[in-house]
Amino acid sequence: GEDFSDHNSHMLTRVNHKVKSVVPQVGRVWRHYKTTRARAHAASATHCTMWTSFPNLATFDHTFQVPLDYANPADRNISIFVRELRKPSDKPEAGAEADEKKSDKKYLVYLQGGPGHRAGRPTEGSGGWIGAALDAGFRVLLLDQRGTGLSTRASTGMLTRMAKRDGATATADYLSNFRADNIVRDCEEIRKSLGIEKWTLLGQSFGGFCSVQYLSQAPDALQEALLTGGLPPLVAESNAADGTYRALFPHVRAQNAKFYKRFPGDVAAVKRIVERLLESPAKLPMGGTLTARGFQCLGIMFGLLSGFETVHYIIEDAFDADGELSHEFLAGVERIVGCSEAPLYLLLHESIYCNNGTSNWACERVRNEPENFALFDAQTAIDEGRPILFTGEMMFPWMLDELSEMAPLKEVGHELAKREWPALYDVDCLKTCKVPVAAATYVEDMFVQFDLARETARIIGSEHRDATLGGEHVRQLMTSAYNHSGLREDGAVLFKELLAMARDEHPVR
């Protein structure tokens with residue numbers, strides 16, 4: 001019978017009853033197709049658009065159809081968008097794309113930080129790690145992880161309409177398919193569809209978490225894995241969220257100290273803003289509410305390049321001449337703490353730490369523990385005459401009330417917070433890992449805590465450790481030169497170093 005591709009199945013559903021009534025044989029083929037697809041879904045359908053050329057690279061866009069739920073592949077499909085980057089000299093002749101042999105080419109898949117952020121978009125001046133990877137002979141694949149970018153997007157608007165139509169529980173069920181385990185399954189579908197035997201991973205932050213999940217799910221598909229600020233914490237624990245946040249709060253406090261040392265005048269400026277917000281919360285441009293605790297969330301910038309300066313310049317814009325909070329200030333805060341363009345970043349954030357467990361708003365619980373409450377509560381700081389501390393990369397349940405774009409998804413957020421999540425990591429598989437792994441681990445990282453990252457590095461490949469000599473399988477570039485955004489700051493240098501370490505081409509020190 002005819003091979004019905006997945007991307008046509010929605011059209012066939014509409015005409016199925018007519019086809020079967022007119023041509024019984026075609027009806028039998030259609031029933032056979034549905035049964036076969038339910039048993040084992042076909043290889044991902046691929047749609048490719050035309051090449052786009054920049055002066056220093058050529059790009060080629062792919063779209064793949066994959067199951068929303070791999071445990072129930074007959075349910076429905078979503079699309080995954082991948083942008084392929086090559087050197088212009090590696091661009092195939094027009095019409096010859098299908099004849100290319102992939103087996104002798106090197107591919108690198110970039111897994112973006114998040115959750116809920118699309119891959120970066122190349123520009124005419126793209127260099128950094130992308131340029132270094134192309135120079136190393138790779139073809140680079142930029143993956144818009146499921147739910148983001150040009151993949152089937154779980155946008156604020158779409159999720160709001162879904163929640164209104166189907167209810168919070170059904171929407172939470174839908175979003176439960178958007179974690180690292182299914183991102184890795186998508187990668188495997190794409191790899192097989194493209195006919196690639198093995199490829200290299202580059203995982204930044206949450207993309208590193210996905211890479212470690214890949215090492216425990218499908219290590220035979222990997223040539224090597226390069227991680228930047230991306231070794232997940234407490235992979236052997238069912239709920240790593242509580243322990244992760246307890247370890248992170250001291251690092252966030254340390255970053256606050258650096259901020260106020262650089263901008264000592266901001267101690268008084270922040271106090272003035274907070275006192276104003278405690279007296280009367282402000283209306284944000286998009287309709288949400290800015291409270292003192294919402295303003296404190298600007299500290300998420302303290303772990304990124306130029307983050308201190310970004311926050312300082314927002315603070316200095318705080319008041320108009322009449323003493324009211326300025327539009328520029330409110331818009332600047334909203335751009336950073338708002339989630340309208342990446343709702344999964346809030347809704348699924350704590351789920352990335354759940355490995356057969358539930359998060360139940362772990363960060364809020366840990367912040368309210370006596371020691372942290374005393375340090376981070378704004379009113380307490382004012383009463384005691386201390387600088388008001390900002391929080392870090394932390395999601396709180398009250399954001400679902402105070403951010404207008406997230407308010408319709410409040411119940412969805414609570415449903416996800418109390419959900420029992422399945423395992424993300426197979427620790428036994430990680431212990432036996434033979435895939436070369438190199439990781440940039442940042443000592444002062446306030447997003448991925450250094451000591452917990454080191455613990456995970458010791459687990460990966462641990463069963464191959466020499467009982468007498470010791471040593472570790474994961475090669476680590478441990479540094480205080482960067483916080484969390486080293487790949488953005490110095491991508492070419494980090495990429496070259498990590499690739500050499502993974503291939504044992506780096507000087508032994």
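A nonpolar core is a set of buried Ala, Val, Leu, Ile, Met, Phe, Trp, Tyr and Cys residues joined through side-chain atoms within 4.5 Å, where buried means under 20% relative accessible area with a 1.4 Å probe, protein chains only. The model you have open is predicted, so local features need pLDDT of at least 70 and side-chain atom pairs count only at pLDDT 80 or more, while totals for chains, interfaces and linings use all residues. Residues are numbered from 1 along each chain as its sequence is written, and side-chain values use heavy atoms, leaving out hydrogens and water.

Start with the largest nonpolar core, which has 128 residues. Select Leu 175, Trp 199, Tyr 245, Phe 295, Phe 329 and Phe 390, the members that touch the most others.

Now centre on Leu 175. Beyond neighbours within four places in sequence, its contacts (heavy atoms within 4.5 Å) include Ala 154, Leu 159, Val 412 and Leu 416. For a second, separate core of 26 residues, select Leu 57, Leu 85, Leu 134 and Leu 226, which are among its members.

Move on to Gly 491 in helix α21, residues 486-502. Gly 491 counts as buried because its relative accessibility is 5%.

Finish at Gln 112, in the loop between β5 (106-111) and α3 (128-135). With 16% relative accessibility, Gln 112 counts as buried, and among the residues it touches are His 117, Gln 145 and Phe 206.

Key. Helix = DSSP H or I, 4+ residues; strand = E, 2+ residues; numbered from the N terminus. Buried < 20%, exposed > 50% of the residue type's maximum accessible area, 1.4 Å probe, protein only.
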